Amino acid sequence: MIWYKNVLRFWVPPVLHPRVKRLLLMSGRTTERDVRAAFPDTEIEVTRLKPTAWVTGNRVFQVRTDAHPCETLLEYYHNWNVIGTSKTGQRIFSGIRAEIERSPSVKHAILTYLPITKQLKAVSEIENVCVVSDFKAQQRFASAFEAAAVVWVVGTPEWAPGLIWRRAQILYGNDEKRLSYETDTAPDRYKDERVQRVYEQHTVRQLSEIVGLTGLNRLPGKTVVFVTSLTLPDITDRPEVLLFDWEDFEVAGGLDKLPEAVAVRERFEIERAHITADTSRTEVERILGCSARQAYRVLRKLRGGNIPRVSFREQIFALLADGERKASELIEAIEGHPISVRNELTRLVDAGEIVKVRWGVYTLPPST
């Protein structure tokens, strides 16, 4: 029950009227699990429709790691009023711009966060760029997405917490276990599985609409690149979708050679998985692309040797040697529990060994 804008809104558990013999529900995002939870004592049959086939030759690429929230693509300089793209954002968008400029006859469209679009004004003015839009305005530019041969989807749509909370309350408010709205280290990761499922349902629906706007199922010569790792049922889990790392794209030098670069990387990953204590040092060097010393360390570990552990402090100092780093970047790069890493950051700041530049950003002191 919610009081909102002078209106009292309330929801009650779904109960079928006695005269209803069969109820047909059609949904593109409600899961079978949610339907059974809503009607626990009802006989339910689920029929899944086959996904619409795409036009032969159309391609879909998706990065296999990181949802790339807005916070990782933006950088706040000196104060909260001056915004630019972070190193991660610069790396991604410079690669996209290079691909756009590589073939002036190929039209592109970019869909991302609103603050990011303001940083891409120069890109939007390139002649073969149809549109640079934010997620909330995607429907306004439907014709532009249809006209583009390559559509870049950078990041994952964001939703107001209140919307997710209310939806979660409607679906799970009567559960014995109370809902928790606490987020993890990333703002788009809720610790409560039920709340996270609601968030992903909203996000999947919006990203699926983008696929419909591009016309993969009816127009030839279309390519969609998802720079987000969120799985889209019946879309990015298809066998014809190619999962890649951004490093693959950089090594390939473009989308045309990306499948070859992924195939090479996957071959080496298979070889790496089959490294054993009996593998020669030179073979380990070749597979991992490492030095002889690093190869010895790998083999010593496989053969039961004791590998000294690198402390959090040493890892933090090594990462900060190149300049300022966000707490989220440090936590992701350091091997260890996130809470332990945060505690070590706090300890080092209190000891004066590192400096907290601003909220969530650290660097080494000038004298270091």
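I started with E324, which sits in the loop between α13 (312-320) and β11. My helices (H or I, at least four residues) and strands (E, at least two) are DSSP runs, numbered from the N terminus. This is a predicted model, where local features need pLDDT of at least 70, side-chain atom pairs count only at pLDDT 80 or more, and totals for chains, interfaces and linings use all residues. Residues are numbered from 1 along each chain as its sequence is written, and side-chain values use heavy atoms, with hydrogens and water left out.

**E324**

I looked up how open E324 is: at 40% relative accessibility, E324 counts as partly exposed. On this scale buried is under 20% relative accessible area, exposed is over 50%, and partly exposed is in between (1.4 Å probe, protein chains only). Next I listed its contacts, meaning heavy atoms within 4.5 Å. Setting aside neighbours within four places in sequence, E324 touches V357, R358, V361, Y362 and T363. I also checked E324 against Y296, 28 residues apart along the chain, and their C-alpha atoms are separated by 33 Å.

**The sheet**

Then I went to the strands. There is an open sheet of three strands in the order β11-β13-β12, with antiparallel pairing. β11 (325-326) and β12 (355-358) are at the edges with a single partner strand each, so one side of each has no neighbour in the sheet. I count two strands as paired if DSSP finds at least two bridges between them. β12 pairs with β13 (residues 361-363) in the antiparallel sense over three bridges. I looked for the partner of R358 and found V361 in β13.

**α10 and α11**

Helix α10 (residues 258-273) packs with helix α11 (residues 281-288) at about 145 degrees, with the axes 9 Å apart. Axes here are lines fitted to C-alpha atoms, for helices over the stretch in contact, and angles run from 0 to 180 degrees between N-to-C directions. For the residues involved, I noted F268, E271 and R272 in α10 meeting R286, I287 and L288 in α11. By class, that contact has three nonpolar, no polar and three charged residues. The classes: Ala, Val, Leu, Ile, Met, Phe, Trp, Tyr, Cys and Pro are nonpolar, Asp, Glu, Lys and Arg are charged, and the others, Gly among them, are polar.

**Salt bridges**

I searched the whole structure and got 28 salt bridges, each a side-chain nitrogen of Lys or Arg within 4 Å of a carboxyl oxygen of Asp or Glu.

- E247 bridges to R91, with the closest N and O atoms 3.2 Å apart. E247 lies in helix α9 (residues 246-252) and R91 in helix α3 (residues 87-102), so the pair ties together parts that are 156 residues apart in sequence. E247 is partly exposed at 42%, and R91 is partly exposed at 35%.
- R218 bridges to E146, with the closest N and O atoms 3.1 Å apart. R218 is in the loop between α8 (193-214) and β9 (223-227) and E146 is in helix α6 (residues 142-147), so this pair ties together parts 72 residues apart in sequence.
- E200 bridges to R189, with the closest N and O atoms 3.5 Å apart. E200 is in helix α8 and R189 in the loop between α7 (161-172) and α8, so the parts tied together are eleven residues apart in sequence.

Last entry: I found R64, D245, D248, R265 and E269 linked in a network of salt bridges.
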